[in-house]
Amino acid sequence: MTIKDLKPALVFSIFDEITKVPRPSKKEEKIRQYLLDFAAKHNIAVKTDAVGNVVMSKPATAGKEAAPTVVMQAHMDMVCESNDKSFDFENNPITTVVDGDWLRAEGTTLGADNGIGMAAALAALVDDTLVHGPLEALFTVDEETGLTGANNLGEGMISGSILLNLDSEDDAEIFIGCAGGVDTTCVFDYKRSFAPTDFHYFKLDISKGLGGHSGGDIHLGRANANKLLARFLYRLAQKHEVALAEIDGGNLRNAIPRAAHAVFGVHASSKEVVRVEFNKYIAEVETEYAGLEPTLTLELESVDRPEYSVDEATCNHLIEALYSAPHGVISMSRDLEGLVETSTNLASVKMLPDNQVLVTTSQRSSVESRKWDIAYQVEALFKLAGAKVTHGDGYPGWAPNMNSRIMHIASDAYEELYGIKPAIKAIHAGLECGLFLEKYPHLDMVSFGPTLQGVHSPSERMFIPAVERFWGQLTRTLEKVADLK
């Protein structure tokens with residue numbers, strides 16, 4: 001069986017087309033052209049704004065013109081993570097695999113976040129059997145790495161009073177709130193030294209962690225490869241002089257790092273001691289993550305002496321900062337059981353040209369003051385270590401509205417179709433809804449979608465039966481709104 005055999009056929013056929021179009025964050029030119037071509041092919045009115053957002057609109061079914069205008073919203077870009085570092089996300093299509101009741105990709109992220117939301121919105125625009133009021137479909141750019149599209153949505157791009165965000169990942173759940181977030185970046189300047197000639201050099205490689213979404217999966221306690229790397233280096237630095245030549249870990253601010261590596265040296269007389277320490281460390285990590293990280297791999301191999309290393313002071317400060325930097329859940333919500341309130345993700349460590357090391361972290365909270373509190377804690381720590389620290393603009397949370405009319409309509413639609421009353425929740429992951437609400441305070445919004453697992457990692461997969469329920473909920477909700485005046 002292939003994706004072409006799956007139902008609902010219209011949704012999956014469009015999703016199949018989307019998987020063939022490269023769409024990394026900040027490089028959405030090809031998927032934008034696909035959307036414009038789709039609109040032209042189906043005679044759908046379309047417009048774009050200065051940052052590249054796309055809005056399509058369709059008139060109401062005859063007799064439903066007085067109904068409120070509904071905006072269906074999804075983002076164009078996808079997280080690009082692969083088990084094969086040579087995979088070219090800017091040019092290669094995603095290869096999909098039907099695996100029982102699940103759809104996944106061959107070694108990469110699937111891009112169902114948020115390709116399935118795009119596919120459902122486009123399907124609703126071309127399904128002539130659907131009864132609906134006036135429709136708009138908003139497709140935003142760069143949700144995953146900066147919320148650029150939502151933050152810079154052009155004036156007058158949408159006119160609807162109801163917005164359906166199609167970017168959630170749990171069947172039978174409706175989301176009415178989300179956390180806000182802010183990124184914090186820390187830059188270390190270092191002096192480049194010739195790597196000591198009397199040292200023995202190793203490459204420590206941590207790979208095949210589960211990773212996952214730094215909002216939706218942060219509470220699961222999965223390994224952060226950057227933290228594991230720093231932990232071993234810190235242990236060594238307490239007993240040996242460590243020469244750090246290379247360090248790299250993680251990629252995206254909103255993904256828990258699955259892999260990291262470092263090239264470092266210790267005095268040649270200590271090389272066997274390092275191997276013994278490493279074997280002890282592997283045993284500790286395997287015990288701590290037993291049953292949680294089945295594929296996590298730690299490897300240590302000898303390598304040739306590199307030409308340069310980081311100066312000793314910066315090396316120690318960097319290792320100490322990475323080891324002591326907070327990561328994971330900081331606090332749980334007192335209002336909604338099981339909801340993470342505040343968290344932080346030690347997202348990436350990258351060596352830059354001009355003798356710099358860039359550390360990127362991402363903070364989230366449903367309480368604005370606590371979002372900034374944890375961001376300032378990260379700032380204080382890295383400033384003590386000698387780094388230059390800056391914060392991004394951040395994005396606001398979306399406060400739950402228990403009186404939302406569209407929440408009740410979407411809930412009733414699901415219950416009528418499937419006999420289950422969906423759970424009403426808030427989510428710790430960030431959604432674009434808070435930014436839309438700042439620009440259009442009148443919007444009544446909900447978010448829902450099919451079940452996705454392992455998003456932001458090559459483990460990403462989509463539960464096929466949930467897609468049909470997602471499509472049913474969307475179309476039934478549009479039909480019910482069409483009866484409103």
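I began with the charges and found that the mean positions of the 45 positive and 68 negative charges of the protein lie 1 Å apart; Lys and Arg count as positive and Asp and Glu as negative, while His and the chain ends are not counted, and the place of a charge is NZ of Lys, CZ of Arg, CG of Asp or CD of Glu.

I noted that this is a predicted model, in which local features need pLDDT of at least 70 and side-chain atom pairs count only at pLDDT 80 or more, whereas totals for chains, interfaces and linings use all residues. Residues are numbered from 1 along each chain as its sequence is written, and side-chain values use heavy atoms, with hydrogens and water left out.

Next I looked up the overall fold. The protein has 11 helices and 23 strands, taken as DSSP runs numbered from the N terminus (helices H or I of at least four residues, strands E of at least two). Its radius of gyration is 24 Å, close to the 23 Å that the globule rule gives for 485 residues, so the protein is as compact as a globular protein of that length; the radius is taken over C-alpha atoms, and the rule is 2.2 Å times the number of residues to the power 0.38. I also noted that the C-alpha trace spans about 85 × 50 × 40 Å along its principal axes.

Among contacts (heavy atoms within 4.5 Å) between residues at least 6 apart in sequence, 80% join residues at least 24 apart.

One residue I looked up was N254, in the loop between β12 (243-249) and β13 (260-267). N254 is buried, with a relative accessible area of 3%, and its contacts beyond four places in sequence include E144, H213, R364 and H456.

My last entry concerns an open antiparallel sheet of 4 strands in the order β4-β5-β23-β22, where two strands pair if DSSP finds at least two bridges between them. β4 and β22 (452-453) stand at the edges with a single partner strand each, so one side of each is left without a neighbour in the sheet. β4 (residues 96-99) pairs with β5 (residues 102-105) over 4 bridges, and in their hairpin, with 2 residues between the strands, G100 takes a positive phi near 65 degrees. I found V97 opposite R104 in β5, while the bridge partner of R104 in β23 is R461.

Note on methods. Buried < 20%, exposed > 50% of the residue type's maximum accessible area, 1.4 Å probe, protein only.
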